[in-house]
Structure formats: structure tokens, C-alpha cells
Amino acid sequence: MEANVGSTDKLARIVVGAVAGTVSLAGLADAVAVQGVVSLVLGVVAILMLGTAFTSKCALYSALGVSTR
């Protein structure tokens, strides 16, 4: 798979992933009013966002023929 995530897109993915991960962990620690399933979904979103940001490759972009690079 060819790299298809540009620098602005990468930065946005890092920010969204970090926020989603923080809220997910806070929800698991009962520090915020986030239920278990929502916390799990936010954790998965965080992993996907950070993974695609650091590899610069997005499978959904490839399937749709999109590139922000």
C-alpha cells in the first residue's frame, strides 16, 4: 500500500487519536461520564487514528482512491 496521508491530515489524526485515547482511558477509570462500550469504541478509534498517522497509510483512503499527500 502506498502512503496516502499528508502532513496536515497526519497532525489531525494524531490530535484526534490522543483526545479519543485520553477520554477512553478516563472513562475506564470512571473519571468522566463515559460508559464502557463508548470507552471501548473511543479506544479503537484512538488506535486506528494513531496507527494511520504514524504509518502514513490509510486503507479507507486507498479503497476510495483518496490521497492527502
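How many residues does helix H1 have, and how far does H1 reach from its first C-alpha to its last? Helix H1, which covers residues 7-28, has 22 residues and reaches 31 Å between those two atoms, close to the 32 Å expected at 1.5 Å a residue. The legends below describe a predicted model, beginning with the whole chain and then turning to single places in it.

**Figure 1. The whole chain, a predicted model with 3 helices and 0 strands.** Read along the sequence, the elements follow the pattern α-α-α, and the C-alpha atoms fill a box of roughly 40 × 20 × 15 Å when the box is taken along the principal axes. Of the 69 residues in the chain, 29% are buried. The accessible surface of the chain comes to about 4,500 Å², and carbon and sulfur atoms account for 72% of this surface. Among the contacts in the chain with a separation of 6 or more, 76% are made by residues 24 or more positions apart.

**Figure 2. The buried residues of helix H1 and what covers them.** The buried residues of H1 are Asp9, Arg13, Gly17, Ala20, Gly21, Ser24, Ala26 and Gly27. Their cover includes helix H2, residues 36-55, and helix H3, residues 59-64. An α-helix has 3.6 residues a turn, so residues three or four places apart point the same way. With this rule in mind, the reader can follow the list of buried residues along H1, from Asp9 and Arg13 to Ala26 and Gly27.

**Figure 3. Ser24 and the residues that it touches.** Ser24 has its place in helix H1. Is Ser24 buried or exposed? Ser24 has a relative accessible area of 6%, and it therefore counts as buried, the cut-off for this word being under 20%. When residues up to four places away in sequence are not counted, Ser24 touches Ser39, Leu42 and Gly43.

**Figure 4. The salt bridge between Asp9 and Arg13.** Side chains of opposite charge can pair when their charged atoms come close. The structure holds 1 salt bridge, and in the pair formed by Asp9 and Arg13 the closest N and O atoms are 3.2 Å apart. Because Asp9 and Arg13 are 4 residues apart in helix H1, about one helical turn separates them. Both partners are described as buried, Asp9 as well as Arg13.

Figure 5. Which residues does Arg13 touch, not counting residues up to four places away in sequence? They are Val5, Met49, Leu50, Thr52, Ala53, Cys58 and Tyr61.

Figure 6. Leu11 has a relative accessibility of 55% and so counts as exposed, since the word is used here for values over 50%.

**Figure 7. Ala12 and Met49, two residues that are 37 residues apart along the chain.** Ala12 has its place in helix H1, and its relative accessible area of 39% makes it partly exposed. How many Å separate the C-alpha atoms of Ala12 and Met49? The separation is 9.0 Å.

**Figure 8. Two loop residues, Asp30 and Ser56.** Asp30 follows helix H1 and is found in the loop between H1 and H2, whereas Ser56 is found in the loop between H2 and H3. Asp30 has a positive phi of about 60° although it is not a glycine, and Ser56, which is not a glycine either, also has a positive phi of about 60°. Ser56, by contrast, counts as buried, because its relative accessibility is 8%.

Methods
Residues are numbered from 1 along each chain as its sequence is written. This is a predicted model: local features need pLDDT of at least 70, side-chain atom pairs count only at pLDDT 80 or more; totals for chains, interfaces and linings use all residues. Side-chain values use heavy atoms; hydrogens and water are left out. Buried means under 20% relative accessible area, exposed over 50%, partly exposed in between (1.4 Å probe, protein chains only). Contact means heavy atoms within 4.5 Å. Accessible areas come from the Shrake-Rupley method with a 1.4 Å probe; for residues, only the protein chains shown count as cover. The expected span of a helix is 1.5 Å times one less than its number of residues. A salt bridge is a side-chain nitrogen of Lys or Arg within 4 Å of a carboxyl oxygen of Asp or Glu.
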